[in-house]
Amino acid sequence: MDRCGVVVMTPLLTLLLLLSGRSAMGAPRYRERWEQEGPEWRPDEEGKGGKGLFLLDNVEKVVDSEGGQVHVVRGPFVPEQPWQQYGACREGLMHIGFITMEPKTLFVPQYIDSNLILFVQRGEVKIGWIHNDELVQKQLKMGDVLHIEAGATFYMVNTGKGQRLQIICSIDASDSPIGLGPYQSFFLTGGGNPTSVLAGFDPKMLVTAFNTTYDEVARLFRPETRGPFVSFGTEPGSGGKERGQREEEGDAGNKEEASRKAGPWRPVGRGDDEERDDEQSSTWSWRKLMGSFIGFGGASNDAAQLENKKDKTVRAPEPYNLFDHEPGFRNAYGWSVSVDKHAYEPLDHSDIGVYLVNLTAGSMMAPHVNPRATEYGVVLGGEGEVQVVFPNGSLAMSARVRPGDVFWIPRYFPFAQVASRSGPFEFFGFTTSARRNKPQFLVGANSLLRTMLGPELAAGFGVPEKELGELMRAQKEAVILSSLPEKEEKGREQSVIKQVAKE
């Protein structure tokens, strides 16, 4: 055995495993999946195969409620694993998050201690966040990618009509405190579940900071158990009336203006033109209260300052849609999209790249190496196989994957993905570098071996140069390759098995 406790296999045996797609795996694994047909994560005892070394199965339920769920697949930092001796994870810690939201729900305002790269897998969502000290709101659709900086307060609203929202996100948790979960949320709203971070301050301090009364502060942080996903059809305490209705009732002299101002994220209650009634009013404006705390309220010029903020134009990066751009590579066997900081500048802040790959039935992403980044992948559709090779030339993993599975590929480790013959295979993921990755393909028309053809390469393989040249030029395709006909593949596999048996 080598230093990692992995048996060094002969090249012939390695070739056998590469052709057969089988590997010796342990007991059935317990894992949870993000199903394409139904977005719920659910435990699944799979009797076929076992846990792959580069499959991520450590799933943590961060939020589980009727309005939505947040699950996080923890990254691969486990010191006892032998691959750590290869220095495979020096880039930093990344988790993969999965957010599900039911129709007409709000993911309440919060900030977290991690940079987020959001990918909308299904549905539509309005995201509001603080950018350069101003509120920015963007409407995202399927395929959109958006960056939210660590510490930036944000919220999400599922705006899809009758449709669940599914979001996959990278969680760069390098700065998160160890032992406190994959990331830390700091909620701005909520009284009990979740609890607002403001609720931790002394009441007297809050009354002074808000420049208001104890009663109003108490109402702001009254104990509730709604959870971080809340219904967002009407405002709490409105008696079922929509916000536009309430504004019209509160300002009968200008119904058209009130209707124009009604929106999905504009809490309205005791307006400046209304008579205040602490005992009977069914709504009240936490916007005014919060405004006094963060610096744009609290005096007679509140209205003017708010109006100035409305008129101020905030320039924020637009989301990047993976489906609206031409693939970086396409042939008859599939396509791939890779997004780096040159295509979407916000990725540079997190130093994370994004990619999407679609392989036709039976096709293969040729064996290749990522020289600049570790890669994380999430299977979106179809089934396939992921093979990873150790630096010592032995097969590290050959695993069948399906929708919801999460895998990762250490930097420099050779790997390949193959679609099953039953249909297309699609996977999305992140890389730990926002630079152009420039993968190095080991096989194919654009491979390193083709580029290095010559007497030196032939001598390294120990074969005549002419023979090596014929072998290297046999593959006419690059990057994404066609599969062997099924009968020919089985025939070659059986011949290799017989040859190994003789030896």
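Arg-436 is partly exposed, at 44% relative accessibility. The model is predicted. Across the whole structure there are eight salt bridges, and Arg-436 takes part in one of them, with Asp-340.

**Asp-340 and Arg-436**
- The closest N and O atoms of this salt bridge are 3.9 Å apart.
- Asp-340 sits in the loop between strand S17 (334-339) and helix H8 (347-350), and Arg-436 in the loop between strand S25 (425-431) and strand S26 (440-441), so the bridge ties together parts 96 residues apart in sequence.
- Asp-340 is buried, with a relative accessible area of 11%, whereas Arg-436 is partly exposed.

**Arg-164 and Glu-102**
- A salt bridge joins these two side chains at 2.8 Å, N to O.
- Arg-164 belongs to the loop between strands S11 (154-158) and S12 (165-172) and Glu-102 to the loop between strands S5 (94-101) and S6 (105-112), so parts 62 residues apart in sequence are tied together.
- Glu-102 counts as buried at 19% relative accessibility, because the cut-off for buried is under 20%.
- Arg-164 is partly exposed, at 30%.

**Asp-348 and Lys-341**
- In this salt bridge the closest N and O atoms are 4.0 Å apart.
- Asp-348 is partly exposed at 37% relative accessible area, and Lys-341 is partly exposed at 28%.

**Gly-362**
- Gly-362 lies in the loop between strand S18 (353-359) and strand S19 (364-369) and is buried, with a relative accessible area of 5%.
- Beyond its neighbours within four places in sequence, Gly-362 contacts Val-418, Ala-419, Ser-420, Arg-421 and Ser-483.

Note on methods:
Residues numbered from 1 in each chain as written. Predicted model: local features only at pLDDT ≥ 70, side-chain atom pairs only at ≥ 80, totals over all residues. Heavy atoms only, no water. Helix = DSSP H or I, 4+ residues; strand = E, 2+ residues; numbered from the N terminus. Buried < 20%, exposed > 50% of the residue type's maximum accessible area, 1.4 Å probe, protein only. Contact = heavy atoms within 4.5 Å.
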